[in-house]
2 protein chains.
Amino acid sequence: MPELPIIHGRSLVDTDGYRRETIDLEFSNGERRKYQRLTSRGHGAVMIAAIPRPGTVLLIREYAAGVHRYELGLPKGRMDAGESVLDAANRELKEETGFGARTLTHLRGITLAPGYMTHEIQLVLAEDLYEERLPGDEPEELEVVPWQLDSLHELVLREDCSEGRSLAGLFIVREVLKARG
Amino acid sequence: MPELPIIHGRSLVDTDGYRRETIDLEFSNGERRKYQRLTSRGHGAVMIAAIPRPGTVLLIREYAAGVHRYELGLPKGRMDAGESVLDAANRELKEETGFGARTLTHLRGITLAPGYMTHEIQLVLAEDLYEERLPGDEPEELEVVPWQLDSLHELVLREDCSEGRSLAGLFIVREVLKARG
């Protein structure tokens, strides 16, 4: 693997809501390039795969303003200041599905567009569920859709289940549960 | 499924490189909200899963400025003006791996963060490969890493293979090829 490029300089432009950084790079072969990247704000984000019974995962159906349609995907949300990954996952799960989890396992980080964004979301497996709802900030109640993990091949044919991170998270969880046996 | 919210207004702010849109929404239950979204520029993007021999897919290792590390993932790139999805896929494949494909199949669009971005990349399956290299704009040569599709469980344990779209694309391709038998 090549050595990492040297960062010779950085400059940050903060426009209301988004921060754009220009980094001045020297690659190990001597090539100099300026790359731009969007830097994430806030305290991180979590995505939760909750298992209500063996072989089933909870999806939610939510309005997605970027594509102006209702999308099926894993529950997710931003972490609060000082909140741990697992606490944030359980809070978001309660807000979006009406369930909490007694067993929470951090599986891995999933990046958005690592070539030009710093954003990363933490995938958490949630098991041993119990009913508990916390009020969220959604404009309408979210529909919870249980999905069979052995039917992901049907999910990937649906136009309204399109998010890379959600699809990746579902397949990763299936691999993890399969490895457990 | 609820009716789509009504869009009562939009306003666009264009800052060098990124366009941010505020949309004024009325949900079917009467709730009014303003949502912000990043709108993509350019002519779209493609991601290519190239199969050099049955059961194997070509990954590339490339410096990812957003996370400042070398990342393993599927080849991808932006479409040029007037270029079709399949032509863009074959061009990017030639630039990044040194192979072209006689058989190209558009599988589906994969969105980045549909809640607040309009971005979508088109996943293309590339088969019947032949050697042909086109010059790319990369600062250094990319390493091509063939990976076994039945070893995706090992790939998802690697920190340096983190991109949701790439991981999703790999699992989708495995499902598609498996369904073919």
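**Chat about a two-chain model**

Colleague: Which strands form the open sheet in chain A, and in what order?
Modeller: Three strands do it, in the order β1-β2-β3, and the pairing is antiparallel. Keep in mind that this is a predicted model.

Colleague: What does antiparallel pairing rest on, in general?
Modeller: Strands of a sheet pair through backbone hydrogen bonds, and the sense is either parallel or antiparallel.

Colleague: Why is one side of β1 and of β3 left without a neighbour in the sheet?
Modeller: Because β1 (6–15) and β3 of chain A stand at the edges, and each has a single partner strand.

Colleague: What's the average twist from one strand to the next?
Modeller: In that sheet the twist averages 20°.

Colleague: How many bridges join β2(A) and β3(A)?
Modeller: There are 8 bridges between β2(A) and β3(A), in the antiparallel sense. To see a bridge for yourself, find Ile23(A): its partner in β3(A) is Tyr35(A).

Colleague: OK, zooming out. How many helices and strands are there in chain A?
Modeller: Chain A has 3 helices and 10 strands. Going along the sequence, the pattern reads β-β-β-β-β-β-β-α-β-β-β-α-α.

Colleague: And what does the C-alpha trace span?
Modeller: About 55 × 40 × 35 Å along the principal axes of chain A.

Colleague: What share of the residues count as buried?
Modeller: For chain A it's 37% of the 181 residues. As for contacts with a separation of 6 or more, 62% of them in chain A are between residues 24 or more positions apart.

Colleague: New topic: chain B. How many residues of chain A are in contact with it?
Modeller: 50 residues of chain A are in contact with 50 residues of chain B.

Colleague: Which elements supply at least two residues each to that side of chain A?
Modeller: They are β2 (18–26), β3 (32–39), β5 (56–64), β6 (69–73), β8 (99–111) and α3 (164–180). α3(A) gives the most, with 8 residues.

Key. Residues numbered from 1 in each chain as written. Chains lettered and ligands numbered in written order. Predicted model: local features only at pLDDT ≥ 70, side-chain atom pairs only at ≥ 80, totals over all residues. Helix = DSSP H or I, 4+ residues; strand = E, 2+ residues; numbered from the N terminus. Buried ≥ 20, exposed ≤ 12 C-beta atoms within 10 Å, placed from the backbone. Contact = placed C-beta atoms within 7 Å. Pairing = 2+ DSSP bridges. Axes fitted to C-alpha atoms, helices over the stretch in contact; angles between N-to-C directions.
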